[in-house]
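Q: I'm new to this one, could you walk me through it?

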Amino acid sequence: MPPSPAAAVAEKLLVRSIAFGYKHGLPPGADWVVDARFLDNPYWVEDLRPQTGLDPAVRRYVLAQPAAGELLDNLERTMAGLIPAYRSQGRQELTIAFGCTGGRHRSVVLAAELARRLGAGEQVDVETEFREL
């Protein structure tokens, strides 16, 4: 007999993708911490400063940086390989925390984009949290 839909959902790993600001401290319970402070900061662009990583202009600014794409591609590839390993160890949740200085721009874009990418597959359920917003 095939597993019920509820059982199939329980077999998925829950990935929490969190954005935070280093000046407010690390999120408790983070399994992976990714530092986004190597990217150019939208805060220093006057028109972008009042916006957040949820705004299209900030998203475009961050994702236009080649290093952002490389980081996301590498994380996506790494997670695709590790998710089955985490599940085989009985893990039900994994928290990936993206940090930048204030937690409003770069980390938000990266957390949202990785969640979008991972959520497009069938291996995981995804939740996002933008702690400083």
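This is a predicted model: local features need pLDDT of at least 70, side-chain atom pairs count only at pLDDT 80 or more; totals for chains, interfaces and linings use all residues.

Q: OK, what volume does the largest pocket have?
A: The largest pocket has a volume of about 200 Å³. A pocket here is an open set of points on a 1 Å grid over the protein atoms alone, where a 1.4 Å probe fits, with protein on both sides within 12 Å along at least five of seven lines; the volume is the space filled by probe spheres set on the points, which are joined across faces, edges and corners.

Q: And which residues are closest to its centre?
A: Lys23, Tyr43, Thr101, Gly102 and His105 are the closest, out of 13 residues that line the largest pocket, where lining means having an atom within 4 Å of a point. By class, the lining has three nonpolar, six polar and four charged residues; Asp, Glu, Lys and Arg count as charged, Ala, Val, Leu, Ile, Met, Phe, Trp, Tyr, Cys and Pro as nonpolar, and the others, Gly among them, as polar.

Q: Tyr43 is on that list, so what else does it do, say with Trp44?
A: The count comes to two aromatic pairs, and one of them is Tyr43 with Trp44, which is edge-to-face at 4.9 Å centre to centre and 90° between the planes. Rings of Phe, Tyr and Trp (its six-membered ring) pair if their centres lie within 6.5 Å, and planes under 30 degrees apart count as stacked, over 60 as edge-to-face and the rest as tilted.

Q: Are those two buried or exposed?
A: Tyr43 is partly exposed because its relative accessible area is 34%, and Trp44 counts as exposed because it has 64% relative accessibility. Buried means under 20% relative accessible area, exposed over 50%, and partly exposed in between (1.4 Å probe, protein chains only).

Q: Switching topic, which residues touch the most others in the largest nonpolar core?
A: Leu13, Ile96, Phe98, Leu110 and Leu114 touch the most other members, in a core of 27 residues. A nonpolar core is a set of buried Ala, Val, Leu, Ile, Met, Phe, Trp, Tyr and Cys residues joined through side-chain atoms within 4.5 Å.

Q: Which elements give two or more residues to this core?
A: They are strand S1 (13-21), helix H2 (56-63), helix H3 (66-88), strand S3 (93-100) and helix H4 (106-119), and H3 gives the most, with seven residues. Helices (H or I, at least four residues) and strands (E, at least two) are DSSP runs, numbered from the N terminus.

Q: What about Ile83, where is that?
A: Ile83 lies in helix H3 and counts as buried because its relative accessibility is 3%. Leaving aside neighbours within four places in sequence, Ile83 is in contact (heavy atoms within 4.5 Å) with Leu13, Gln123 and Val124. Ile83 and Gln123 are 40 residues apart in sequence, yet their C-alpha atoms are 7.5 Å apart in space.

Q: And which residues does Leu63 touch?
A: Not counting residues up to four places away in sequence, Leu63 touches Ala68, Leu72, Val109 and Glu113. Leu63 belongs to helix H2 and is partly exposed because its relative accessibility is 27%.

Methods: Residues are numbered from 1 along each chain as its sequence is written. Side-chain values use heavy atoms; hydrogens and water are left out.
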